[in-house]
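Hi everyone, thanks for coming. Please have a look at the sequence and the model on the screen, and then I'll walk you through a few places in it.

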Amino acid sequence: FSAYSDMAIGLGLMFGLRLPLNFNSPYKAASLIDFWRRWHMTLARFLKDYLYIPLGGNRRGERRRYANLLTVMLLGGLWHGANWTFVVWGSLHGLGLAANHAFRTLRGASGSGAGGGAVTLWSGRLLTFLFVVVTWVFFRSDSLSSATNILNGMIGANGVVLPVTYLERLGSLGGLLAQAGVRFEPGYLFLGATQVLWLLGLFAVVVALPNTTEWAGYSIAPNEGADPPAPPRLAVLAWRPSLSWGVALSLIMIVSLVMMSDAGEFLYFQF
């Protein structure tokens with residue numbers, strides 16, 4: 001979805017249109033409030049301007065603010081479809097935003113302020129990511145029962161499964177795990193240490209490297225009401241019209257054209 005939005009921005013620039021940003025590294029968010037300032041920013045702004053503010057926003061006390069947040073996110077869930085899964089998804093995000101605002105209010109009242117070091121930042125990122133991932137299960141599932149089955153599998157309630165090759169590699173430990181209920185099956189999707197290393201490497205790329213907005217130095221449209229993104233921390237990664245960047249982007253385009261036959265259905269087509 002983020003890539004589709006980037007493509008729309010790029011195509012708009014080719015026709016002299018400067019479209020607003022729609023994503024800004026949402027999975028780097030350190031809180032749910034921060035997440036909704038980064039995720040589907042045009043929808044979030046629509047919900048704020050045409051639902052949250054007309055309902056009173058935060059101008060009528062804390063209780064009314066929490067009720068407004070829950071109402072807006074519930075309606076935002078129903079906007080995606082008339083299904084109980086979207087109702088649960090929207091309600092959970094509404095409750096999460098209300099809890100996030102309440103925590104900030106209590107923290108401010110206690111005098112702890114908004115500061116925090118790396119531990120606070122990464123704790124917030126981890127908690128936010130886990131919350132968002134769990135709620136995505138409801139968003140993507142066809143029914144509440146299938147969502148429940150997936151969540152049970154995520155916490156190991158349906159058992160733990162490892163590739164059958166691990167049974168021999170682990171030796172006696174593998175036998176103990178089998179006796180404890182761990183199943184070793186062939187053709188399982190988990191590929192072992194190689195897959196874990198890939199995930200760790202890609203995680204480092206996501207955290208350390210700039211997103212497309214930072215990389216291209218795209219200025220946010222005037223009606224966005226925000227400052228332009230900060231330039232990449234590594235100046236060499238900033239895009240500039242040059243022969244080397246032209247060659248690199250041409251190679252990426254060739255690879256993309258070759259892979260066009262391997263297409264997948266865009267989730268948001270139904271909306």
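Let's start with N211, which sits in the loop between α10 (193-208) and α11 (212-216). Those helix names come from DSSP runs (H or I, at least four residues), numbered from the N terminus. Before we go on, this is a predicted model: local features need pLDDT of at least 70, side-chain atom pairs count only at pLDDT 80 or more, and totals for chains, interfaces and linings use all residues. Residues are numbered from 1 along each chain as its sequence is written, and side-chain values use heavy atoms, leaving out hydrogens and water.

Is N211 buried or exposed? N211 counts as buried because its relative accessibility is 15%, and buried means under 20% relative accessible area with a 1.4 Å probe, protein chains only. Which residues does N211 touch, once we leave aside its neighbours within four places in sequence? They are N24 and S25, where contact means heavy atoms within 4.5 Å. With S25 there is a polar contact between the two side chains, at 2.8 Å. A polar contact is a pair of N or O atoms within 3.5 Å; within protein, one must be able to donate a hydrogen and the other to accept it, and residues adjacent in sequence count only if both atoms are side-chain atoms. A polar atom of the N211 side chain also lies 2.8 Å from the backbone nitrogen of E214.

Now to another asparagine, N68, in helix α4 (residues 62-80). N68 is buried, with a relative accessible area of 3%. Its side chain reaches two backbone oxygens: that of G57 at 3.0 Å and that of L55 at 3.5 Å. Beyond its neighbours within four places in sequence, N68 is in contact with Y52, L55, G56 and G57.

Last stop, the nonpolar core. The term means a set of buried Ala, Val, Leu, Ile, Met, Phe, Trp, Tyr and Cys residues joined through side-chain atoms within 4.5 Å. The largest one here has 24 residues, and L32 and W136 are among those with the most contacts inside it. Which element gives the largest share of this core? That is α6, with five residues. As for L32, its contacts outside the four-place neighbourhood include H93, L97 and F131.

How values were computed. Helix = DSSP H or I, 4+ residues; strand = E, 2+ residues; numbered from the N terminus. Buried < 20%, exposed > 50% of the residue type's maximum accessible area, 1.4 Å probe, protein only.
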